[in-house]
Amino acid sequence: MELENMMNHKLKFVLLASLLPFTASAAQELTPWYVGGGLGVNNYEPNCDLKTTKVCGEDDPYAWDIFAGYMFNDYFGIELGYRNLGRAEWTDYSNKLNDLGVKGTTLGLVGVWPIANNWSLSVEAGAMNYLISNNKQWGSEYYSDSGIAPYFGTGIGYNFTENLKLQAKYRRYENLDEDKWGTFEGESNYWGLELSYRFGHTVAAAPVAAAVIAAAPVDSDNDGVYDDKDQCPATPATHKVDSVGCTIYENVKNKEDVGSIQFANDSAVVKPVFYKDIERLANYLNKNPEFTVEIAGHASNVGKPDYNMVLSDKRADAVAQILVEKYGISQSRVTSNGYGVTQPLVAGDSKEAHAANRRIEAVVTTTAKQPVLK
């Protein structure tokens with residue numbers, strides 16, 4: 001029967017392996033590529049700073065960009081784009097109208113951090129290969145220059161679908177300088193919205209492959225719990241286990257006779273010579289605080305049985321009292337019972353038998369943890 005089960009499992013795994021290529025092709029994920037475009041406003045600095053500008057003009061601050069990107073993983077990618085930062089007008093102190101604009105290609109790194117409910121945060125940094133142009137005096141004077149300007153930015157986005165994403169963006173461009181003619185040295189701030197589209201879509205794996213996967217569990221230690229749920233691998237085959245494959249234990253009580261104390265005829269007084277034995281018992285109980293003890297009193301078969309039953313009770317109570325009051329053992333751990341002449345240690349009516357039977361016995365109850373076997 002076990003051989004038949006093993007053959008069935010092997011057959012299922014062979015079938016699973018043959019279906020895996022089809023499963024992978026059926027479960028296409030989002031591709032790492034995306035494209036998009038944006039529109040916003042841009043503010044050049046130090047435009048309209050009266051220290052360098054005589055009169056502010058009517059700006060055309062509307063900026064736009066297009067871009068394409070590649071995500072190395074869910075959090076990190078690279079982006080290539082083209083950006084037009086709009087134009088700004090001002091009249092300088094030579095009473096000449098300046099009409100300046102910046103545009104060019106960009107390359108930067110993008111970091112994305114998904115947060116709850118389709119929202120995400122982003123940061124970016126890169127460089128812009130810019131062309132700066134100044135149509136001065138309505139084009140009668142023209143100045144232009146190119147260069148590399150660093151930029152950085154941040155944004156917050158929302159995914160309407162797994163493909164379509166809208167982001168609010170802020171970017172800061174540094175060192176937008178027209179060094180060739182010296183008509184402008186400045187920076188800019190951009191605020192805008194960008195819409196992007198990521199290619200591809202996710203499709204659930206083929207149901208037949210999922211069914212085969214579910215039909216091929218493994219139980220390496222043969223304890224009845226499959227490996228994907230087994231938290232205690234390699235349990236012995238003889239042990240009963242719980243729902244997660246771990247051995248079930250039970251507490252077993254054992255009684256251990258740890259010695260006896262003898263009494264004089266018709267007496268319940270503990271002789272001083274036996275105090276060392278009681279102290280030894282107390283030390284044993286202190287080292288094992290989970291143990292309890294029964295002090296069992298006995299009597300010799302001389303006299304009336306009812307009287308001997310009471311006498312055996314007194315003998316047990318006397319030793320129990322010493323354990324509790326002199327050696328500090330908790331009363332809850334000590335019981336005392338008299339058994340009269342019902343459990344003789346030595347049979348017969350001799351002097352030696354009577355002496356041996358006038359006694360108490362200390363029986364300690366221990367608790368051991370052991371596995372439950374099948």
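Guide: Contact here means heavy atoms within 4.5 Å. This is a predicted model, where local features need pLDDT of at least 70, side-chain atom pairs count only at pLDDT 80 or more, and totals for chains, interfaces and linings use all residues. Residues are numbered from 1 along each chain as its sequence is written, and side-chain values use heavy atoms, with hydrogens and water left out.

Visitor: Which residues is L323 in contact with, leaving aside its neighbours within four places in sequence?

Guide: L323 is one of the residues that touch the most other members of the largest nonpolar core. Such a core is a set of buried Ala, Val, Leu, Ile, Met, Phe, Trp, Tyr and Cys residues joined through side-chain atoms within 4.5 Å; buried means under 20% relative accessible area, exposed over 50%, partly exposed in between (1.4 Å probe, protein chains only). With those neighbours set aside, the contacts of L323 are I278, L281, A282, V293, I295, G328, I329 and V334.

Visitor: Which element supplies the largest share of this core?

Guide: Helices (H or I, at least four residues) and strands (E, at least two) are DSSP runs, numbered from the N terminus. At least two core residues come from each of α3, β11, α4 and β13. The largest share, six residues, belongs to α4.

Visitor: How many residues apart in sequence are the parts that E45 and R172 tie together?

Guide: E45 and R172 meet in a salt bridge at 3.2 Å, N to O (a side-chain nitrogen of Lys or Arg within 4 Å of a carboxyl oxygen of Asp or Glu). E45 lies in strand β1 and R172 in strand β8, so the parts they tie together are apart in sequence by 127 residues.
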